[in-house]
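I opened this model to look up a handful of residues and pairings, and these are my entries in the order I made them.

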Amino acid sequence: SIALEEQPGLMRRIAEIGMARRCLDLLEKGDMVCLDGDLQSQHPQEKESLEKLFKAAQKRGMTVAGLGKTCSLVTRKGRPLLQAIAGQGGNLSGYVQDAFLPEEGKPHIIFAKLNGHAKHLFRIDLWAALPIIPEVMGRLSLDARDASFPGYPYGLQLADRLARVSEREKAFLTTQFQSLAGERWKDIEAGINSLNAHDLLDSVG
């Protein structure tokens with residue numbers, strides 16, 4: 001079973017993957033679709049959606065990438081892996097390919113600094129044939145030159161901005177939902193309040 005607080009995130013993730021699969025119809029052979037987040041599945045439904053995306057892209061000769069902004073992997077000495085890699089590269093851009101050998105049927109895992117002015121390294125999962133990985137990384141680097149966030153692909157910046165729900169829009173949608181829920185709203189609100197105490201403390205602080 002899936003915890004209540006995880007359900008909205010899972011639904012959004014599956015919707016994003018489904019949208020990416022539909023976008024393949026707008027692309028051509030050799031093109032790439034890049035998701036926000038790595039390509040590791042945490043739930044059976046997410047795994048099924050990702051596998052459908054991979055198979056559809058492979059059939060069309062396309063590449064699937066996933067860029068993770070955070071990474072919990074550590075070295076044998078317990079040091080954050082991205083920090084350890086960053087200490088080796090200075091101000092140079094570049095990437096470390098397959099720091100972990102990919103399992104059969106799994107994407108390549110790459111750690112990359114996509115711009116020499118970037119302050120962040122990212123984990124990039126690639127569902128692609130080994131020979132074209134340098135070309136794919138070159139494409140991502142070309143898209144990661146925006147001055148507002150050097151090193152982060154502009155396409156993902158734009159997608160985040162367009163998808164973000166403003167506080168005003170959130171309040172409007174909540175009012176609409178409250179009206180539709182009628183008498184059931186009290187139970188729904190109680191469920192929301194059981195999960196948002198940290199958010200309220202953050203707003204007070």
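**Entry 1: Thr63**

I began with Thr63, which I find placed in strand S2, and I note at the outset that the model is a predicted one.

**Entry 2: the chain as a whole**

I then stepped back to the chain, whose secondary structure comes to 8 helices and 5 strands. Read from the N terminus, the order of elements is α-β-α-β-α-β-β-β-α-α-α-α-α. Of the 205 residues, 30% count as buried, and the chain exposes about 14,100 Å², of which carbon and sulfur atoms supply 55%. For contacts between residues at least 6 apart in sequence, I noted that 57% join residues at least 24 apart.

**Entry 3: Leu39**

I next looked up Leu39, which lies in the loop between strand S1 (32-36) and helix H2 (44-60). Leu39 has a relative accessible area of 4% and is therefore buried, the limit being under 20%. Which residues is Leu39 in contact with, leaving aside its neighbours within four places in sequence? I wrote down Arg13, Leu50, Phe54, Val64, Ala65, Gly66, Pro107, Asp125 and Trp127. For one of these, Gly66, I also recorded the distance: Leu39 and Gly66 are 27 residues apart in sequence, and their C-alpha atoms are 5.6 Å apart in space.

**Entry 4: the nonpolar cores**

How many residues does the largest nonpolar core have? I find 15, and those with the most contacts inside this core are Leu67, Ile110, Ala112, Leu114, Ile124, Leu126 and Met137. The elements giving two or more residues to this core are strands S2 (63-68), S4 (108-113) and S5 (122-127), together with helix H4 (133-142). H4 gives the most, with 4 residues.

**Entry 5: cysteines**

I looked for disulfides and found that the structure holds 0. Cys34 has a relative accessibility of 24% and counts as partly exposed, and Cys71, with a relative accessible area of 22%, is partly exposed as well.

**Entry 6: salt bridges**

The structure holds 7 salt bridges, and I went through three of them, starting with the side chains of Asp25 and Arg60, which meet at 2.9 Å, N to O. This pair links distant parts of the chain, because Asp25 sits in the loop between helix H1 (7-23) and S1, whereas Arg60 is in helix H2, 35 residues apart from it. Asp25 is exposed, with a relative accessible area of 56%, while Arg60, at 32%, counts as partly exposed.

In the pairing of Arg123 with Asp125, the side chains meet at 2.9 Å, N to O. Are these two residues buried or exposed? Arg123 has a relative accessible area of 9% and is buried, and Asp125, at 0% relative accessibility, counts as buried too.

For Asp160 and Arg164, the closest N and O atoms of the salt bridge are 2.6 Å apart. Asp160 counts as partly exposed at 37% relative accessibility, and Arg164 is exposed, with a relative accessible area of 57%.

**Entry 7: a patch on the surface**

Last, I looked up a nonpolar patch on the surface, formed by Tyr154, Leu158 and Leu162, which together have about 280 Å² of accessible area. Leu162 lies in helix H5, residues 154-163. Since exposed means over 50% relative accessible area, Leu162, at 67%, goes into my notes as exposed.

Definitions and conventions
Residues numbered from 1 in each chain as written. Predicted model: local features only at pLDDT ≥ 70, side-chain atom pairs only at ≥ 80, totals over all residues. Heavy atoms only, no water. Disulfide = S-S within 2.5 Å. Buried < 20%, exposed > 50% of the residue type's maximum accessible area, 1.4 Å probe, protein only. Contact = heavy atoms within 4.5 Å. Core = buried A, V, L, I, M, F, W, Y, C linked by side-chain atoms within 4.5 Å. Patch = residues over 30% accessible without salt bridge, like charges linked within 9 Å, V, L, I, M, F, W, Y side chains within 5 Å. Areas by Shrake-Rupley, 256 points an atom, 1.4 Å probe, with all protein chains shown as cover. Salt bridge = Lys/Arg side-chain N within 4 Å of Asp/Glu carboxyl O.
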